[in-house]
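Biologist: I should like to learn how to read a structural model, feature by feature. May we start with the pocket?

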Amino acid sequence: MLPAPVAARARPGPVADLCPRTVPPMPPPPPKLPVPAPLPAEGLGTALPTLVRWPNLLIMLLCLALVRAGLLLPEQPLRTALLAPRFGLLVLAALLVAAAGYIINDYYDVKIDAINRPDRLVVGRLVHRRKAMLAHLLLSGAGVGLAGWLHPVLGMVTLGTALWLSGSPMVSDW
């Protein structure tokens, strides 16, 4: 007659209270990150203003113009100080390198931006990563080339800035 002893062991007693048979429930799984929308057909052309942060570039342009007109050449008329062709090329070179720096920043921060601000993610969602890298290289190259054409020393300084902004191992340890 086995059923009687089995039933006797199944009753809770002082030992059964010390050793619970239930395992605590597992914590719920972490929420899944939202899946980015598929890449639209327009790509780099329409996403470029967002990618290069054009308001920041406008502020940079304003700062360069104010320094030129207000500090470097205050005695010259505003039109003469700001519309000099070489100054315009210098500003263009600086803006190209800055825009390339914004692109490479978004390129390297894709994983962080996917968590912190998935709604504003550009690289990887609106622009393929390879196209972003190509845009960075083209803008940096154009800015460095333009600055080097203006003056070789200026080209070297701009090249150093572009390498530093791109996170190159040659200058990232400085």
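Modeller: We may, with the reminder that this is a predicted model. Rolling a probe the size of a water molecule over the atoms shows where empty space is left. In this structure, the largest pocket has a volume of about 180 Å³.

Biologist: Which residues are the closest to the centre of the largest pocket?

Modeller: The lining of the largest pocket consists of 14 residues, and those closest to its centre are His136, Leu137, Ala162, Leu163 and Ser166.

Biologist: How many helices and strands does the protein have?

Modeller: There are 9 helices and 0 strands. Read from the N terminus, the order of elements is therefore α-α-α-α-α-α-α-α-α.

Biologist: How should I read the confidence of the prediction, and where is it lowest and highest?

Modeller: Where pLDDT is low, the predicted coordinates should not be read in detail. The average pLDDT of the protein is 79, and 75% of the residues score at least 70. Confidence is lowest in helix 1, residues 3–10, with a mean of 51. Helix 4, residues 54–72, has the highest confidence, at 93.

Biologist: What share of the contacts joins residues 24 or more positions apart?

Modeller: Among contacts with a separation of 6 or more, 68% are between residues 24 or more positions apart. As for the surface, the accessible area of the protein comes to about 12700 Å², and carbon and sulfur atoms account for 71% of this area. Of the 174 residues in the protein, 26% are buried.

Biologist: Which residues have the most contacts inside the largest nonpolar core?

Modeller: That core has 18 residues, and Leu57, Ile103, Val123 and Ala132 have the most contacts inside it. Helix 3 (44–51), helix 6 (85–108) and helix 8 (129–150) each supply at least two residues of this core. The largest share, 8 residues, comes from helix 6.

Biologist: What does Ile103 touch, not counting residues up to four places away in sequence?

Modeller: With those residues excluded, Ile103 touches Leu48, Leu51, Val52, Ala132, Ala135, His136 and Leu139. One of these partners, His136, was also named among the residues closest to the centre of the largest pocket.

Biologist: Let us turn to Leu96 in helix 6. Why does Leu96 count as buried?

Modeller: The term applies to a residue with under 20% relative accessible area. Leu96 counts as buried because its relative accessibility is 18%. Leaving aside neighbours within four places in sequence, Leu96 is in contact with Leu139, Ala142 and Gly143. Another residue, Leu146, is 50 residues from Leu96 in sequence, and their C-alpha atoms are 9.5 Å apart in space.

Biologist: What is the relative accessible area of Asp113?

Modeller: The value is 10%, so Asp113 is buried. Asp113 is part of helix 7, residues 110–116. Asp106, Pro118 and Leu121 are in contact with Asp113 when its neighbours within four places in sequence are left aside.

Biologist: Finally, where is Arg53 found, and what is its phi?

Modeller: Arg53 is found in the loop between helix 3 and helix 4. Its phi is positive, at about 55 degrees, although Arg53 is not a glycine.

Definitions and conventions. Residues are numbered from 1 along each chain as its sequence is written. This is a predicted model: local features need pLDDT of at least 70, side-chain atom pairs count only at pLDDT 80 or more; totals for chains, interfaces and linings use all residues. Side-chain values use heavy atoms; hydrogens and water are left out. Helices (H or I, at least four residues) and strands (E, at least two) are DSSP runs, numbered from the N terminus. Buried means under 20% relative accessible area, exposed over 50%, partly exposed in between (1.4 Å probe, protein chains only). Contact means heavy atoms within 4.5 Å. Accessible areas come from the Shrake-Rupley method with a 1.4 Å probe; for residues, only the protein chains shown count as cover. A nonpolar core is a set of buried Ala, Val, Leu, Ile, Met, Phe, Trp, Tyr and Cys residues joined through side-chain atoms within 4.5 Å. pLDDT is the predictor's confidence in each residue, from 0 to 100. On a 1 Å grid over the protein atoms alone, a cavity is a set of points where a 1.4 Å probe fits but cannot get out, and a pocket is an open set with protein on both sides within 12 Å along at least five of seven lines; lining residues have an atom within 4 Å of a point. Grid points are joined across faces, edges and corners, and a volume is the space filled by probe spheres set on the points.
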